[in-house]
Amino acid sequence: MFSDNEILEYLDGRRDDHELFDRAYKCLSEGLGTTVLYRGLIEITNYCRNNCFYCGIRAGNKSASRYRLSEKEILSCCQRAVESGYGTFVLQGGEDYNHNIEWLENLVATIHSKYPDHTITLSLGERTKDDYIKLFKAGARRYLLRHETATRQHYYQLHPESMSFDNRMECLRNLKEIGYETGAGMMIGSPYQTYEHLLSDLRFLEKFQPDMVGVGPFIKADNTPFSGFRNMDLTPTDEASIRLTLRVVALVRLLVPRANIPATTALFTLGKGLTMDECVKAGANVRMFNVSPENVKEKYNIYNGKTDGK
């Protein structure tokens, strides 16, 4: 559909945004329709074993106020999502191995039994293939795992050597093979990112054809190695970050036409005046609303100033 050069010209603004957005909106309209799908987001834990350089809940952040929701609290959040009319529960958290597979398996089975007509989506990081199978059998049907970058060298500029680019990609392949609706995605304007990196991300997504793609702007987080970082080459201002993110959303829509693409919380956090209508016109069709308990929302501070989706 696009040559590499055409994609780069859209990314860096040499081609007209309006023409790109018009094409993306037409693709969405003709493929999935323009009705926005709403999800109830439950942030079940902010403990994480990893030390991703950009994330505010990284293990090395000793200033983070940690929490884990109990099963009772999570079920209460599910009920709140049901009462709000959301047909999907998205259980998100750090890679908290205190939540062992038996506990998670029982949690998913309980939610599935109590709300059989609702879809359970998990976003709990890298697990073994056997763990993913157990959670699928318990009733989970979607799994979000951002690839973050399809460029190996860039991956290790964002993550410590203890983490594995190959394992992240293997997890995505495993999820798809098991039968999950699988979600990938990346940050826009992340440290050291180039337009060529984004081109590689888009080509990876085009080939992998995930069911969901999360695309959000990089926002710095306190008490991280990147707390003072700004990608001056790609996103020198918040406005530039929002614009580039919307361009990537539009390109994803055209390259992965059947994917559900959320207008991410990070996008609305950065773009205070941004509307869902603008995001839909760029090809997005999902919005998540945080139904976590009020007393923990501020603790899931993966980046500064995070909103709850409202």
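**View 1. Glu 181 and its salt-bridge partner Arg 142 in the predicted model.** Glu 181 has a relative accessibility of 30% and therefore counts as partly exposed. Its closest carboxyl oxygen is 3.1 Å from a nitrogen of Arg 142, and the two residues form a salt bridge. Because Arg 142 belongs to strand E4 and Glu 181 to strand E5 (residues 181-188), the pair ties together parts 39 residues apart in sequence. Arg 142, at 12% relative accessibility, counts as buried.

**View 2. Strand E3 (residues 119-123) and its paired strands.** Of the 5 residues of E3, 4 are buried, so the strand is largely enclosed by the rest of the structure. Strand E2 (residues 88-93) pairs with E3 in the parallel sense over 5 bridges, and Leu 91 has Leu 122 of E3 as its bridge partner.

**View 3. Salt bridge between Arg 173 and Glu 170 in helix H7 (residues 165-178).** The closest N and O atoms of the pair are 2.8 Å apart. Arg 173 and Glu 170 are 3 residues apart, and thus separated by about one helical turn. Arg 173 is partly exposed, with a relative accessible area of 45%; Glu 170, at 35%, also counts as partly exposed.

**View 4. Salt-bridge network of Glu 6, Glu 9, Asp 12, Arg 14 and Arg 15.** These residues are linked by salt bridges, of which the structure holds 20.

How values were computed
Residues numbered from 1 in each chain as written. Predicted model: local features only at pLDDT ≥ 70, side-chain atom pairs only at ≥ 80, totals over all residues. Heavy atoms only, no water. Buried < 20%, exposed > 50% of the residue type's maximum accessible area, 1.4 Å probe, protein only. Helix = DSSP H or I, 4+ residues; strand = E, 2+ residues; numbered from the N terminus. Pairing = 2+ DSSP bridges. Salt bridge = Lys/Arg side-chain N within 4 Å of Asp/Glu carboxyl O.
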